[in-house]
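Colleague: I would like to learn how to read a model of a protein, taking one feature at a time. Could we look at it together?

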Amino acid sequence: PLQLSVVETAENVRTLGHIALELLLRASHTPVSSLTLAPGEHVELMLRADLPNSAFVPAQEMLRRPLVLGALRLSTARASAATAIDAVNDTIALVGSLTRGPSFSLNVTHLNFNGVPVMPLKRAPEFGSTPPAAVARVPQNESFYIRNLSKEREIEVQVAVDVPGHIASVHVAPSQVFVPADQSVHINVQVLPFLSRYSGDDATLRVRELSAPDCETCVQLALVEKVASFSPKEAVAPSPLASAIRMSNGEPSCFSLDGDGEAAARLALRGVASVRGSSRRYEVNLGQQNFGTEGVQWELRVENLSARPVRYRLFTMSTEEGEEWLSFSRTSGTLQEQHETQVVTLHCATDKLEIYPTYVVVENLDNTDDLKTVLISMEMVVSRVTASNYYSVIVDGKAPQAVATPEGRAAATRDSDLSLDLGDVYYGVLYVNRSFVVENHSSMPLHFMISHNLRRSACTELNFSLSNLSLKLFSSLLVPPASSTRVYLHVRTSAPPGASAKLDEPEKLQVDVSVSCHLIKDSHKLIRLSATCRPPHLGLSHTDVEFCTPRLEVPSKGGQHPAGSSALPSPPLRIARLEPAQQVIAVSNLGGGALSYAVRSSCCFFIVRADNAEPSILSADEPAHTITVTPNDLAIQQHAAFISKARYVEEHFTVYNRGDLNEHKQVLVRLSCGQQQQQSFSYAPSKPIYSTSVLEEEILSFLCSFKSFWEAHLADLLSADLGGGGGQVSGGSSSSGLTSCCCAMLPSAEAAATAAAEPPPPSSSLSTALLDRCESIARNETYRELWFDFRHITDELVFYGMKAQTSHFVSPLANLCYKMLFRNDVFDVFNGSLSKHRRLFPPGTEPRSFPPPLLPWVKQLSYFLMHFPDVHSGIDPLRRLETNLLSRSIPASIPFQPEMLLCRSSSKMSQSSR
């Protein structure tokens, strides 16, 4: 194991306070103090340095210059006396620079004041009337808070007014003040405007710390235009001529029952942002707040705009069910004088996680038309150290580690790198079946952002969808409490421009997918997406065909039944001839040598036939071959009642490239007899259907053939004894034992290291003959056909599972297939001391590795499980089976890691490295 420790040894930075140095894994952002690495393995680490808010301001000469902040020590212990590697100790100097940060914070960035009221157009002087007196300018007051970020020392802050004199007269109190440690002070701002409106950048309040003049923050001042309002008492009575003109124009004159009209009582709100286009709606966004810190306070000012007393009250209206996190310093009041203002302090608690935006309703009790709302929103965030307590990301169904959440339930953690290997992908083909799962372990819904690092000009397009049947995009992912959501990857790549000469060379695709939660501050899970991009060899003219029937025919009953006779049974339904009579699909060679293809059909109601006698296209210049799809009239008429009830039926067949079974395309065949025959549809099964019955029959047939094949080839070896010569190999000519076979699985450098580090086990003629026999069997044509059948069964299980969007649909068939397969004697032979054939191996040897010809069969199980990252009881037995098999697929000298065998094998059985 490798021990890592971070120590602070720099004397010249100790006066600043304690610098927190922390070593993290780059992928998961989790702390690490020791590592255990396998030969050739590497990890990426990240160093984070935090300076507390209580640190003293350094001298000017210490800023922006290299400083030794500390050291990183690495030490390894000698593994054993037998190893030739001694303990290693090393030290890495940590060098950085300091930049001055803010020593205080403000609760606002701008303050709005009313400008000089302007005369409304409808109040323009009329003929014979006296203009109203000039509107009096009244000083206005607003305020803000300055908070000391240090928890240990006080600071002296100065507020300077930088406002041109022709805009307004501005006074602040106090203009210079000491702010205690971790406390706030109130600054009052009084403005007497000279303009009706102003929003320039040169009207500011400059707030700075006197001991650090370069640490300065500005508060922007703005004047908002306001239309003057006059009550009838302030207006001069119009002349009789003016009244006559107004009545002649059809405008009624103002009057009141008591002979003295009075303006309606109105309120104004200060310290909040108005919603554009409305005089009733306001909002306050308090931004992100750390969970468990001191509560946030915000001052709301209620002003009386009328010349009469106004009563008001406040209450909250929650948008969703959640915790009560907002309270007031007062819930009602009375404003006696015009422009009288009362301050209502909003107290926002930060000890609740499940908070939602809340409306504060301000109700004018003396004017029912004067109703205002303030939407208060705040987002709580928690430390990234506790991220795994709230959510996790599952890729390829990796088993989570159980940890405790704040609610006391079990959760999952992912401290290791997450990787998702797509294997071989072909240019121009859309891949939609791979996915990952986002789990929410908390008792509240969580919002997630999912992104990738591909550029817009990249040859690969990657989209995130909630379905693999269609592209269901989302801007942010909302996962309900204590549940999970599956995110599908829609990937399509194209050949790099100008790379036609190198199309035969595969391209490596590497993409980083980031999953971040709004609740967790500065935290994200990283998924490393990889693929091998290859040019396509197999081309189809189209991948879906449709048939429809114009009507359902009921045969005539042949006349009326005589009276008193028993009624004959209703004649069966008859489906008219389907249209069109057939569909033709063209198969083409896209280049890269001769193409040999095969068609595997799972259709019951259609007949799929390759029209060419030899399914091989030698070059891209040859004419395309055809595949004809025709209705199976006999099956359709026999199941007419089922089709008429279902109305929409979907089947499929698969076209394989026999040279590379990874390249295959599935063609959907749809039959519709409903009213919406022209509308395309997609079928997602929810319970076993007739197609799965066909697949179950295919699985049973394959298992019987597989067992018969191996019984015939292993009978002579299993019946021999150690002294027999049936499997004798001439002395020393073959490779020795299991180690040589397992080394053939690894790259040449790793194989050489394994052979050098571990002496070969005692040779046995029977075990060597058995392993050599496995190599020769892989070249058997019957064996290759069995492998093709197995690949097709796996593809069918994946197809139906992805159609249903859950592995529950196919888990019974998958358990039947894989469990029965790996119970075969050929796999039990390599189970070491637990094998019933352990007499084949000499005493002292403990074989635990499959020979290379058997590894692809194990990889097919891994390939199936990759498509279902969610964890549930139906598929868990197969995950345990996979772990057991993979533990016997790696030589004993190499630490077992399941990721080493998760790639899908090639159909070319002789090339065991792919």
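This is a predicted model: local features need pLDDT of at least 70, side-chain atom pairs count only at pLDDT 80 or more; totals for chains, interfaces and linings use all residues.

Colleague: Which core has Phe144 among the residues with the most contacts inside it?

Modeller: The general idea is that in soluble globular proteins nonpolar side chains tend to be buried together. In this model the largest nonpolar core has 94 residues, and Phe144, Ile146 and Phe436 are those with the most contacts inside it. Apart from it lies another core, of 52 residues, which includes Ala598, Leu668, Leu695 and Leu854.

Colleague: In what order do the strands of the open sheet run?

Modeller: The order of the 5 strands is β29-β37-β36-β32-β34, and their pairing is mixed. At the edges are β29 (418–426) and β34 (477–479), each of which pairs on one side only, while the twist from one strand to the next averages 25 degrees. Strand β32 (residues 446–452) pairs with β34 in the antiparallel sense over 3 bridges, and Phe448 has Leu477 in β34 as its bridge partner.

Colleague: How do the axes of helix α11 and helix α12 cross?

Modeller: Two packed helices are described by the angle between their axes and the distance between the axes. Here the axes of α11 (residues 855–866) and α12 (residues 876–886) come within 10 Å and cross at roughly 145 degrees, in a left-handed crossing. The contact involves residues including Leu861 and Phe864 of α11 and Leu881 and Leu885 of α12, and by class it has 8 nonpolar, 1 polar and 2 charged residues.

Conventions: Residues are numbered from 1 along each chain as its sequence is written. Side-chain values use heavy atoms; hydrogens and water are left out. A nonpolar core is a set of buried Ala, Val, Leu, Ile, Met, Phe, Trp, Tyr and Cys residues joined through side-chain atoms within 4.5 Å. Buried means under 20% relative accessible area, exposed over 50%, partly exposed in between (1.4 Å probe, protein chains only). Two strands pair if DSSP finds at least two bridges between them. Helices (H or I, at least four residues) and strands (E, at least two) are DSSP runs, numbered from the N terminus. Axes are lines fitted to C-alpha atoms, for helices over the stretch in contact, and angles run from 0 to 180 degrees between N-to-C directions. A crossing is left-handed if the near helix is turned anticlockwise from the far one by less than a right angle, and right-handed if clockwise. Contact means heavy atoms within 4.5 Å. Ala, Val, Leu, Ile, Met, Phe, Trp, Tyr, Cys and Pro count as nonpolar, Asp, Glu, Lys and Arg as charged, and the others, Gly among them, as polar.
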